Amino acid sequence: MTAPAEVLDCRGQRCPLPVIAAARRLPELPVGTVIRVLADDPAAAVDIPAWCRMRGHEFVGTVTGPDGPAYDIRRQH
Amino acid sequence: MTGSALLGSLSAPIGGSWGYRRDSVACVSASPVYLDAATAAPLHPVARQALLAALDDGWADPGRLYTQARRARQLLDAARAATAETLGVRPDEVSFTPSGTAAAHGAVLGGLAGRHRAGRVLVHSAIEHSAVLHAAERHVATGGASTEVPVDRLGRLDLARWSAAVRAPGVALAALIAASHEVGTVQPVGEAAGACGDAGVPLFVDAAQAVGRVPVPAGWSVLTASAHKWGGPPGVGLLVVRKGTRWESPWPADEREGGRTPGALNLPAVVAAAASLRAVAADAAAEAARLAPLVARIRARVAAEVPDVEVVGDPDHRLPHLVTFSCLYVDGEALLHALDRRGFAVSSGSSCTSSTLRPSHVLAAMGVLSHGNVRVSLHRETTEADVERFLTELPGIVADLRAAAGVVGL
Ligand SMILES: Cc1ncc(COP(=O)(O)O)c(C=O)c1O
């Protein structure tokens, strides 16, 4: 798995804020870049993949580490 | 209503005399628009009349041996007979419960108890109502097991996985919702029942959103419903157990209602539930034909006129009265409050509106957006003008919320 270029720490934020954070940041980075969204709101597990599908970006996967669940996404266009 | 008229409302043919529908050319006004029938439909006029009459006539305990009790017994028998006839079952297969939730708990736990010798596994879809899931949790907490069967993006049961799951060893009961209460997708109950039949596993169908709206395919062993979903009063559920089904009451012993649900019934509410079910069922096809195009209109217009919205659920195989969509970047609770301020009562399965802060398990199982979620559900008093007013105001309401949150153009 590609190491993420950047980590967005959205812990403590309620949906839809983690999705908004990703939507703000991803287009500022080059196509192909992977970012990691750290989010402990369980809705992020549903809404980040759904946002990737709606926007045509790649949902790389869920990573659960010491900081809690994280979601990797890659800019596709 | 007199006593005999009350009995008549439970047995006379349904005719034009129940012509209560509100004039459908009501003008656009700022009056509140109630669009949450899937939680509780407004009380049907037949239910109101029967309820008032039964408060006078049906307050005694039907189990006693005096005149007032016999009167109450007559009303209860008539209510049961009317309900059985509407559902196409035998009267002794029907029990009235204190809610749809209590009925679902009884269906699951009693269905498992009756078949404990066959095994301890409950098979259920991933999109059951929380009443069923909580009963399943209780079963697992007391040493049982459960198998959850997934749905696709449209909220349709995976039939291949279902068939494999019910064929596995040790399955005591399978539970499938007739149609999703959150997204309206009608489930393949007939096919699921066929798979259960082949495997010798009884099927429980939670038909709370289907009864009084759409036909429920045959093949089930246990069925539940809830009167306030069809325009009956709150606090009445149905638990139907077909003859020959191995079902054993999970509750402390009580003789009432065939031993299936304990406690004194709210008889006036039961009578009102039965009378309104008859009226609603007689009208169901016409009402579905009136509401389904309004739901289709909401689906099309919301998708076209609200940017970044996901309209969810099966576009074709769906309930005629219920539609759900999610608005990207919008806080669901803020959206519900904004709609309420404009006079629209709707509900949501989204995490941000529930005290648990968990995303809706239904939307999660489908893999669709769970925030900014709105469920709109129509009823017999909903007019085309109500729907038009909602569709006219919604895009502006969503746009204002997005502007306030600074998420425009993301
Ligand atoms: C599918 C389904 N099952 C069960 C219930 C529970 O019914 P009640 O509100 O009567 O407890 C509901 C209502 O929320 C429902 O929609």
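The model is predicted, so local features need pLDDT of at least 70 and side-chain atom pairs count only at pLDDT 80 or more, while totals for chains, interfaces and linings use all residues. Residues are numbered from 1 along each chain as its sequence is written, chains are lettered from A and ligands numbered from 1 in the order in which they are written, and side-chain values use heavy atoms, with hydrogens and water left out.

Helices (H or I, at least four residues) and strands (E, at least two) are DSSP runs, numbered from the N terminus.

- Helix α11(B) covers residues 384-405, which is 22 residues. Its first and last C-alpha atoms are 32 Å apart, close to the expected 32 Å; the expected span is 1.5 Å times one less than the number of residues.
- α11(B) has a kink of about 30° at B:E393, shortly before the proline B:P395. The bend at a residue is the angle between axes fitted to the seven residues ending there and the seven starting there.
- Among the buried residues of α11(B) are B:F390, B:L391, B:L394, B:I397 and B:V398, and also B:D386, B:R389, B:E393 and B:R402. Buried means under 20% relative accessible area, exposed over 50%, and partly exposed in between (1.4 Å probe, protein chains only).
- The buried residues of α11(B) pack against β1 (33-34), α8 (267-305), β10 (322-327), α9 (332-341), β11 (344-345) and β12 (373-377) of chain B. Contact means heavy atoms within 4.5 Å.
- B:G406 follows α11(B) and has a positive phi, near 70°.

**Helix pairs**

- Two packed helices are described by the angle between their axes and the distance between the axes. Axes are lines fitted to C-alpha atoms, for helices over the stretch in contact, and angles run from 0 to 180 degrees between N-to-C directions.
- In chain A, the axes of α1 (residues 17-25) and α2 (residues 44-55) come within 9 Å and cross at roughly 35°. A:V19, A:A22 and A:A23 of α1(A) and A:D47, A:I48 and A:W51 of α2(A) make the contact.
- By class, the contact of α1(A) with α2(A) has five nonpolar, no polar and one charged residues. Ala, Val, Leu, Ile, Met, Phe, Trp, Tyr, Cys and Pro count as nonpolar, Asp, Glu, Lys and Arg as charged, and the others, Gly among them, as polar.
- The crossing of α1(A) and α2(A) is right-handed. A crossing is right-handed if the near helix is turned clockwise from the far one by less than a right angle, and left-handed if anticlockwise.
- In chain B, the axes of α4 (residues 100-114) and α5 (residues 130-141) come within 8 Å and cross at roughly 35°. α4(B) passes α5(B) in a right-handed crossing.
- From α4(B), B:T101, B:A104, B:H105, B:V108, B:L109 and B:L112 meet B:A131, B:V132, B:A135, B:A136, B:R138 and B:H139 of α5(B). The classes in this contact are eight nonpolar, three polar and one charged.

**Backbone features in loops**

- The peptide bond from A:C15 to A:P16 is cis, with omega near 5°. A:P16 lies in the loop between β1 (6-9) and α1 of chain A.
- B:E257, in the loop between β8 (237-241) and α8 of chain B, is a residue other than glycine with a positive phi, near 50°. B:E257 is buried, at 9% relative accessible area.
- B:D308 also has a positive phi, near 50°, and is a residue other than glycine. B:D308 sits in the loop between α8 and β9 (309-312) of chain B and is partly exposed, at 29%.

- B:H124, in strand β3 (residues 121-125), is buried at 4% relative accessibility. Leaving aside neighbours within four places in sequence, its contacts include B:L133, B:A136, B:E148 and B:W162.
- B:H124 and B:L173 are 49 residues apart in sequence and 8.5 Å apart in space, C-alpha to C-alpha.
- B:R246, in the loop between β8 and α8, is exposed, with a relative accessible area of 59%. Not counting residues up to four places away in sequence, B:R246 touches B:G110, B:G111, B:G114 and B:R115.
- B:N373 belongs to strand β12 and is buried, at 1% relative accessible area. B:N373 and B:T324 are 49 residues apart in sequence and 7.2 Å apart in space, C-alpha to C-alpha.
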